[in-house]
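Work through the exercises below with the sequence and the model side by side. Each task is followed by a solution that goes step by step.

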Amino acid sequence: MWRRLRSALRSLRGSPAAPPHGGGGRPPAAMERAVVRCVPSEPKLSLRFVLPDGSARHMQRDQAEPLGRALARIATNAAKGHGKAGKKSKKARAEDGAEGEAAVPAVRLFSRDGAAVAEEVPNAAAWQDGAVLHIGDALYRVERNPPALTELRLPRSLLAGFPVCPKVSTEFAAPQHCLFRWFREQRPAGGGEAAGEAWVETAAAERVFTPSNALVGLRLKLRCTPGDGEQRYGPAREVESSGPVEAGPGACTFDSRHLYTKKVCGHGSVRAVSYNILADTYAQTEFSRTVLYPYCAPYALEIDYRQNLLKKELAGYSADLICLQEVDKSVFLDSLAPALDAFGLEGLFRIKEKQHEGLATFYRRDKFSLLSQHDIAFSEALLSEPLHKELCEQLAKYPLVQEKVLQRSSVLQVSVLQSTTDPSRKLCVANTHLYWHPKGGNIRLIQIAVAMSHIKHVACDLYPSIPVIFCGDFNSTPSSGTYSFISTGGIAEDHEDWVSNGEEERCSMSLSHPFKLLSACGEPAYTNYVGGFHGCLDYIFIDRNALEVEQVIPLPSHEEITTHQALPSVSHPSDHIALICDLKWK
């Protein structure tokens with residue numbers, strides 16, 4: 001481990017403080033780097049430098065400690081390093097008269113303007129960017145909190161014609177300010193390749209790279225230099241793909257839809273997407289492969305393959321709001337959030353406590369800022385929030401139904417967004433995935449009642465009269481009680497869905513909500529198309545008093561959906577179809 005640290009620190013010597021292609025800010029050639037990491041929330045700062053003898057030093061010092069103590073410690077370390085480097089035999093030392101300890105070098109710190117920093121100044125204030133550390137005759141330029149990469153990773157699967165979105169995690173930097181250089185593997189000539197010519201730089205210098213068909217069979221390499229947007233750059237890192245670029249599937253179901261969504265719509269409009277993307281935790285079961293989706297090629301159910309399609313599909317919609325259901329936590333963190341971040345979208349995630357998947361809401365950063373989040377789990381909210389006390393008391397009369405409701409891990413994600421160009425315009429964006437069972441209509445009615453009460457609290461009490469956009473997989477067809485309740489504002493106690501699972505689970509109550517909601521995309525023939533079922537289960541409900549529909553992006557044709565029998569397929573990553581519409585304020 002020490003050898004690796006020493007090698008890494010040695011690589012810091014002479015590393016650029018400015019872009020590798022030129023530009024100001026490079027320290028004088030005679031100066032080494034002293035890298036200081038100082039974060040207010042942490043009690044200690046760290047200091048890394050390489051002594052003239054080549055030995056690396058990594059020190060941790062209290063931020064409140066006087067500078068003099070830190071300098072004394074550096075002097076002691078430097079003397080020890082010099083002593084080790086200069087060890088001689090007893091005879092040689094005697095001949096040289098060098099029996100004593102190695103001399104302790106003078107150690108001083110000077111500010112950018114050349115003044116000596118007083119030894120009583122606390123470390124946190126003393127070690128400023130641009131200061132110069134003297135250790136004997138050696139000079140070190142202090143770099144305080146320089147841009148750094150904490151993670152750089154490429155997707156496992158690369159397809160020609162599909163965007164490659166690296167995961168870039170930084171400290172004291174931002175991915176949008178980093179420099180990116182993409183390389184392709186040198187194609188072997190005559191079965192071999194010349195030493196030192198393994199990689200050829202491409203013309204691409206963007207964060208996202210889309211390999212062409214010419215790169216099929218070749219691996220990719222990315223070199224990333226972290227930057228902070230203030231002309232400061234840290235040491236570059238490189239990452240190579242684990243496998244080569246593979247051929248893409250050809251035409252996909254979403255290609256024709258992208259013709260309608262080439263550009264982001266104007267500031268007076270909002271493009272919204274709702275999409276159940278099929279969680280990997282469900283797609284990769286034996287039941288899924290053999291019973292639910294036996295028509296789907298096994299490789300097309302693999303998460304790495306599907307993520308390629310999903311990222312291209314979602315990026316191509318140029319959306320302002322994206323509400324996703326069945327999002328694996330790892331998929332959000334390692335794939336979707338980094339990819340959509342590169343396309344200008346900020347992501348929020350809410351997991352279902354008993355599962356590894358949940359909900360994700362993305363919003364376009366240059367159009368919206370996040371004011372607040374108000375996520376709930378239905379079962380917890382029902383029991384603990386006074387808002388639902390009356391409903392909870394009514395439900396207690398039906399213990400069988402109550403037990404089923406409380407067993408469910410379904411959640412509601414609610415985000416309040418504010419327009420960046422018109423602060424008076426705010427939106428309450430809700431996202432959910434209701435209970436799935438075909439006979440669970442009564443359970444879904446309770447869940448949606450909790451959802452509407454909660455949304456009312458946010459959009460009427462906390463932020464009076466802000467418009468609502470409610471997206472999700474409601475697992476309810478247009479003829480269901482849930483759809484009727486949402487769109488009409490009420491449900492009668494004798495509705496047939498109260499006995500959806502038989503008389504013994506009858507649960508009769510009258511419910512209402514104050515919103516005037518409209519299904520923006522209407523009632524398509526289906527939004528879910530699998531071998532044994534097809535129907536409309538997904539909706540984007542909008543506040544008809546404040547918003548109106550500008551356009552609905554047509555769904556893929558029936559021929560496109562059934563090209564490979566049903567969904568998912570090699571050309572479509574989910575068993576659901578994304579709903580997309582452009583909305584505008586009235």
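**Exercise 1.** Determine which strands pair with strand S31, and in which sense strand S15 and S31 pair.

*Solution.* Begin with strand S15 (residues 269–276), which pairs with S31 in the antiparallel sense over 6 bridges; strands here are DSSP runs of E of at least two residues, helices are runs of H or I of at least four, both numbered from the N terminus, and two strands pair if DSSP finds at least two bridges between them. Within this pairing, Ala272 has Cys581 of S31 as its bridge partner. Next take strand S30 (residues 547–552), which runs antiparallel to S31 and is joined to S31 by 5 bridges; here Val549 has Leu583 as its bridge partner in S31. Finally, consider burial, where buried means under 20% relative accessible area, exposed over 50% and partly exposed in between, with a 1.4 Å probe and protein chains only. Strand S31 (residues 579–585) has 6 of its 7 residues buried, so it is largely enclosed by the rest of the structure.

The model is predicted, so that local features need pLDDT of at least 70 and side-chain atom pairs count only at pLDDT 80 or more, whereas totals for chains, interfaces and linings use all residues. Residues are numbered from 1 along each chain as its sequence is written, and side-chain values use heavy atoms, with hydrogens and water left out.

**Exercise 2.** Identify which residues of helix H14 are buried, and what they pack against.

*Solution.* In helix H14 (residues 481–488), the buried residues are Gly481, Thr482, Tyr483, Phe485 and Ile486. Their packing partners, judged by contact (heavy atoms within 4.5 Å), include helix H13 (441–462) and strand S29 (538–543). Just after H14, Gly489 takes a positive phi of about 95 degrees.

**Exercise 3.** Describe what lines the largest pocket, and how its lining residues divide.

*Solution.* On a 1 Å grid over the protein atoms alone, a pocket is an open set of points with protein on both sides within 12 Å along at least five of seven lines, and lining residues have an atom within 4 Å of a point. The largest pocket holds about 1,100 Å³ of space, a volume being the space filled by probe spheres set on the points. Its lining comprises 42 residues, of which Tyr435, Trp436, His437, Pro438 and Asn475 lie nearest the centre. Helix H7 (286–292), H13 and strand S27 (528–530) each supply at least two lining residues, and the largest share, 3 residues, comes from H7. The lining of this pocket divides into 12 nonpolar, 20 polar and 10 charged residues.

Conventions: 1 Å grid on protein atoms, 1.4 Å probe; cavity = no way out; pocket = protein on both sides within 12 Å on 5 of 7 lines; lining within 4 Å. Nonpolar A, V, L, I, M, F, W, Y, C, P; charged D, E, K, R; others polar.
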